[in-house]
Amino acid sequence: MRIKRKSPCFILAAMVLLLLPTAALAADVDVFAEGAYNAQYLDVYIYANINTGNLCSYGVKLTYDKTRLNTPTATKNVAVWYFGSSSPGNTYMDPVVDSAASPATITFIGGKLDTGNPTAGVTGMRVLLGSVRFVRTEGSLGLGPTAETYFGITASLGRPSPYDNFVTTGGQVRDSGVVYSVTVRQRGDANGDGYVNVQDMSMVRSYIVSGGTPYAWMDCNSDTAVNVQDMSCVRSLSITGHY
């Protein structure tokens, strides 16, 4: 019987894969929080890129600095995550705020079980899990590219073991394969570089004309849409010198 030899290219490709760092491989689920602040509020939106399997549940915990943020109003995304035949379906637990903890926390637990299609679950990119609005205790602007640290915003697993948080419709638990990140920027800092200036007006204009990703901080006037009104808002902020 003839022995089939591996080609040099095949061997080289295998070696490259072995040498790649683990971080280079896609996570099972990428959870990322986007925060946008003005002088009064900080709004945080929690999204997920679901890279493996269809999820039937999720669990994420946010922390925050209660000396700089208070009166959180948290909501879940019932348009996507619901139990029943259609949204909003049957009542499921609301986000749990623990303002007595240090740091304070908000836990989002949710899932989807569509009785008409029980194995559908949820998949896709930039899937909204939930959001929260905080009232700020002071109104400083121009916090720069480390605003998430200033506000104490972090994201992590909702409920550690023995609970299962991220579970596929096939029953696989993905909790150990979830990567978390948080980015907070001033509203109007459309390109996320820490400054509000004419470059941000160009970024908003580009989105209006060509589309793309509507990052939370692109919504300068906080009306949940990115449009020409946000260009005017950015212009106003850039004139006042905020960054």
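A pocket, as used here, is an open set of grid points with protein on both sides within 12 Å along at least five of seven lines. Keep in mind that this is a predicted model.

**Pocket and cavity**

With that in hand, the largest pocket has a volume of about 210 Å³. Its lining is made up of 13 residues, and Tyr45, Tyr47, Pro214, Asp219 and Thr224 sit closest to the pocket's centre. Sorted by class, that lining splits into eight nonpolar, one polar and four charged residues.

For cavities of 30 Å³ or more, the count comes to one, and the largest cavity holds about 30 Å³ of space. The classes here are four nonpolar, four polar and two charged residues.

**A nonpolar patch outside**

On the surface, Ile208, Val209 and Val228 make up a nonpolar patch, and together they have about 270 Å² of accessible area. One of the three, Val228, belongs to helix H4, which covers residues 228-240. Is Val228 exposed, partly exposed or buried? Its relative accessibility is 48%, so Val228 counts as partly exposed; the exposed class needs over 50%.

Most residues other than glycine have a negative phi, and most peptide bonds are trans.

| Site | Feature | Value |
|---|---|---|
| Ser87 and Pro88 | cis peptide bond | omega about 0 degrees |
| Ser161 and Pro162 | cis peptide bond | omega about 15 degrees |
| Thr71 | positive phi | near 50 degrees |
| Arg126 | positive phi | near 55 degrees |

Where do the two prolines sit? Pro88 is in the loop between strand E4 (83-84) and strand E5 (96-98), while Pro162 is in the loop between strand E9 (154-157) and strand E10 (167-168).

Thr71 is part of strand E3 (residues 69-76), and Arg126 is part of strand E8 (residues 122-136). As for cover, Thr71 has 52% relative accessibility and therefore counts as exposed, whereas Arg126, at 23%, counts as partly exposed.

Key:
Residues are numbered from 1 along each chain as its sequence is written. This is a predicted model: local features need pLDDT of at least 70, side-chain atom pairs count only at pLDDT 80 or more; totals for chains, interfaces and linings use all residues. Side-chain values use heavy atoms; hydrogens and water are left out. On a 1 Å grid over the protein atoms alone, a cavity is a set of points where a 1.4 Å probe fits but cannot get out, and a pocket is an open set with protein on both sides within 12 Å along at least five of seven lines; lining residues have an atom within 4 Å of a point. Grid points are joined across faces, edges and corners, and a volume is the space filled by probe spheres set on the points. Ala, Val, Leu, Ile, Met, Phe, Trp, Tyr, Cys and Pro count as nonpolar, Asp, Glu, Lys and Arg as charged, and the others, Gly among them, as polar. Patches are made of residues with over 30% relative accessible area and no salt bridge: like charges are joined within 9 Å, nonpolar side chains (Val, Leu, Ile, Met, Phe, Trp, Tyr) within 5 Å. Accessible areas come from the Shrake-Rupley method with a 1.4 Å probe; for residues, only the protein chains shown count as cover. A salt bridge is a side-chain nitrogen of Lys or Arg within 4 Å of a carboxyl oxygen of Asp or Glu. Helices (H or I, at least four residues) and strands (E, at least two) are DSSP runs, numbered from the N terminus. Buried means under 20% relative accessible area, exposed over 50%, partly exposed in between (1.4 Å probe, protein chains only).
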